[in-house]
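I opened my notebook today to look at one protein model, piece by piece. Here is what I looked up, in the order I went.

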Amino acid sequence: MEFQTPEGPVAVNIATMSALRAAVDTRFTEGEGFALATLNLDHLVKLGQDHDFAAAYLAQDFVVADGNPVVWLSRLAHRPVDLMPGANLVVPLAQMAAAANVSIALIGSTDDALDKAGAALVARVPGLEIAAKIAPPMGFDPDSAAANTVLRDAAASGARLAFLALGAPKQEALAARGRVVTPQMGFASIGASLDFLSGHQNRAPEWVQRIAMEWLWRLLSNPARLAGRYARCFAILPRLTVNALALRKK
């Protein structure tokens, strides 16, 4: 499933969890890095407006569908993909890392949140080694010399998989930079997932997730911050629907 951006088409190129496991396991086995992004409607809004964000997305090795609208559009285009939100990927990726004797780094959020998220991950994933926890300061620029320092510090710790919890577009930009600065490392951009693990943020209940209403739960939880974002997301749906129907005919 492809979506057009100012820099070129962005494709959801990993359709299932089994495909993601195979792709990540291959990179671990071969000692190669990767960058993983989770595409949702908010990202598609930003991709249509931000050339730098689009360029960062094009540098990602793996893109999965994070959000039911992306999944529904893929089905409409007869190119179905599974729903794989970043929050649902952290534990499976940590399990893959532990099985491959790959240590991880946690980058983003706050020191307290990283400590608590790290403890939660170790409790859920036997054998997992967390080699580094790095909370960049407010105003952190993923295109700066400071970003190079963060990446090199993570690599120097021995970590070969970094969970990036910086929010879009910073985390995707840092992952793209990491593919150049520390090409042996894998990067997974997972947004607020570490804050969910640490308890610093609450995710929607599972029954809300099952009925595809997590977006409404989040909106009602923080309307001042999210109302404008979701309005912009809904505004691009008609165009994306037309594009999906056009793909269906090819």
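Before anything else I noted what contact means here: heavy atoms within 4.5 Å. I also wrote down that helices (H or I, at least four residues) and strands (E, at least two) are DSSP runs, numbered from the N terminus.

**Ground rules.** I am working with a predicted model, in which local features need pLDDT of at least 70, side-chain atom pairs count only at pLDDT 80 or more, and totals for chains, interfaces and linings use all residues. Residues are numbered from 1 along each chain as its sequence is written, and side-chain values use heavy atoms, with hydrogens and water left out.

**Entry 1: α11 and α12.** I reminded myself that two packed helices are described by the angle between their axes and the distance between the axes. Axes are lines fitted to C-alpha atoms, for helices over the stretch in contact, and angles run from 0 to 180 degrees between N-to-C directions. I looked up helix α11 (residues 214–221) against helix α12 (residues 223–248) and found an angle of about 140°, with the axes 7 Å apart. Angles under 35 degrees count as roughly parallel, over 145 as roughly antiparallel, 65 to 115 as roughly perpendicular and the rest as oblique. The pair α11 and α12 is therefore oblique.

Which residues of α11 meet α12? I listed W215, R218, L219, L220 and S221 on the α11 side, and P223, R225, L226, A227, R229, Y230 and F234 on the α12 side. By class, this contact of α11 with α12 has eight nonpolar, one polar and three charged residues. For these classes, Ala, Val, Leu, Ile, Met, Phe, Trp, Tyr, Cys and Pro count as nonpolar, Asp, Glu, Lys and Arg as charged, and the others, Gly among them, as polar.

**Entry 2: α4 and α12.** Next I checked helix α4 (residues 68–76), whose axis comes within 8 Å of that of α12 and crosses it at roughly 30°. I therefore wrote down α4 and α12 as roughly parallel to each other. From α4, P69, L73 and L76 make the contact, and from α12 I found L237, L240, T241, A244, L245 and R248. Here the classes come to seven nonpolar, one polar and one charged residues.

**Entry 3: the sheet.** Strands of a sheet pair through backbone hydrogen bonds, either parallel or antiparallel. In this model, two strands pair if DSSP finds at least two bridges between them. In what order do the six strands of the open sheet stand? I read β4-β3-β8-β7-β5-β6, with parallel pairing. β4 and β6 stand at the edges with a single partner strand each, so one side of each has no neighbour in the sheet. From one strand to the next, the twist averages 15°.

I then followed β3, which has four bridges to β4 and three to strand β8 (residues 186–189). I liked A105, whose bridge partner is A162 in β7 and A132 in β6.

**Entry 4: what is covered.** Buried means under 20% relative accessible area, exposed over 50%, and partly exposed in between (1.4 Å probe, protein chains only). Six of the six residues of β3 are buried, and in β5 I found five of five. In β3, F34, L36 and T38 point one way, while A35, A37 and L39 point the other way.

A nonpolar core is a set of buried Ala, Val, Leu, Ile, Met, Phe, Trp, Tyr and Cys residues joined through side-chain atoms within 4.5 Å. The largest one has 32 residues, and L36, L93, L161 and F163 have the most contacts inside it. Its largest share, eight residues, comes from α5. Leaving out residues up to four places away in sequence, L36 touches, among others, L20, F62, L89, L93 and F187. I also noted a second, separate core of 25 residues, including F3, V45, A54 and L240.

**Entry 5: N148.** Finally I picked N148, which lies in helix α7 (residues 145–156). Is N148 buried or exposed? N148 is buried, with a relative accessible area of 15%. Not counting residues up to four places away in sequence, N148 touches R177 and V181.
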